[in-house]
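Work through the exercises below with the model in view. Try each task before reading its solution.

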Amino acid sequence: MLKKLTFGQYAHKNTVIHKLDPRIKILSVVILSAFVFFIRDYQKMLIFSILILSLAVISKISFNSLIRNLRPFSSIILFILLMYILFSRNDLHKGTLSIWGFLLFITIALILTFTTTITSMVTAIEKLLAPLKFLKINPRTIALLISLTIRFIPSLFLYADRIKDARLARLGSLRKPKHIKLLFLPLLDRLFKSASTLSDAMAARSYTEKRISYFNIIILRYYDYASFILLIIFIIFILLL
């Protein structure tokens, strides 16, 4: 199941979402992600869900791919639901909305990574964080760290799947708590080795914190402004319901 994950991976498609400026997409993701956790009404959540699913359809993300990427988070969802049932049964509706919002949050992030290349994302984040230069904070470093974190998500799932298969092939068990460390310790070791390899690769390519030139130039166009304005209008519409 984890081997077929596409979360954090870009897929080239000829869609309107793919053509949007990455800065607009990142700002939209921040606004939508923040807004989803302020909704405390089922009707508003349903309308908001229709918007997110419509964006996923426009991005040409298949329903099977969406379900496949949400499935690894099922244990977290069940844990949250169980906590509400055991300790806060009176607020179960809040728990339902929280889980609903969590699923939409993952879908929003999936749309961003599915339609935006890592290179474009780094450039966009760097430009959005340009004011940090006045505080002597390098926005390029922050942009690179964020993009690498997103890119490591599918690798994390892939490594976990391989270690689990290797453990089961040796007739091991992951049901007991003492056996869980047999999954996480090799996983951490593999992640640290991957990070070390990445660091060596960047050093070999003479990576510096100073930006000399941009590999890709991003320019805001009329449809970028139009799409962002439509998004703000839609959010205001939901708030006024």
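A polar contact is a pair of N or O atoms within 3.5 Å; within protein, one must be able to donate a hydrogen and the other to accept it, and residues adjacent in sequence count only if both atoms are side-chain atoms. This is a predicted model, in which local features need pLDDT of at least 70 and side-chain atom pairs count only at pLDDT 80 or more, while totals for chains, interfaces and linings use all residues. Residues are numbered from 1 along each chain as its sequence is written, and side-chain values use heavy atoms, with hydrogens and water left out.

**Exercise 1.** Find the polar contacts of the threonine 116 side chain.

Solution. Start with the location: threonine 116 sits in the loop between helix H6 (92-115) and helix H7 (118-128). Helices (H or I, at least four residues) are DSSP runs, numbered from the N terminus. Next, take the side chain of lysine 25: the threonine 116 side chain makes a polar contact with it at 3.1 Å. Then take the backbone: the side chain of threonine 116 reaches the backbone oxygen of leucine 112 at 2.9 Å.

**Exercise 2.** Is threonine 116 buried or exposed?

Solution. Apply the cut-offs: buried means under 20% relative accessible area, exposed over 50%, partly exposed in between (1.4 Å probe, protein chains only). Threonine 116 has 2% relative accessibility, so it counts as buried. Now list its contacts (heavy atoms within 4.5 Å). Leaving out residues up to four places away in sequence, threonine 116 touches Tyr10, Pro22, Lys25 and Met121.

**Exercise 3.** Classify the ring pair of phenylalanine 35 and phenylalanine 48.

Solution. Rings of Phe, Tyr and Trp (its six-membered ring) pair if their centres lie within 6.5 Å; planes under 30 degrees apart count as stacked, over 60 as edge-to-face and the rest as tilted. The structure holds five such aromatic pairs. For phenylalanine 35 and phenylalanine 48, the centres are 5.4 Å apart and the planes meet at 55°, so the pair is tilted. Phenylalanine 35 belongs to helix H2 (residues 22-36) and phenylalanine 48 to helix H3 (residues 42-58), 13 residues apart. Phenylalanine 35 is buried at 9%. Phenylalanine 48 is buried at 0%.

**Exercise 4.** Where does H8 bend?

Solution. The bend at a residue is the angle between axes fitted to the seven residues ending there and the seven starting there. H8 bends by about 30° at isoleucine 153. A proline, proline 154, follows within four residues. Buried residues of H8 include Ile150, Pro154 and Phe157.

Methods. Helix = DSSP H or I, 4+ residues; strand = E, 2+ residues; numbered from the N terminus.
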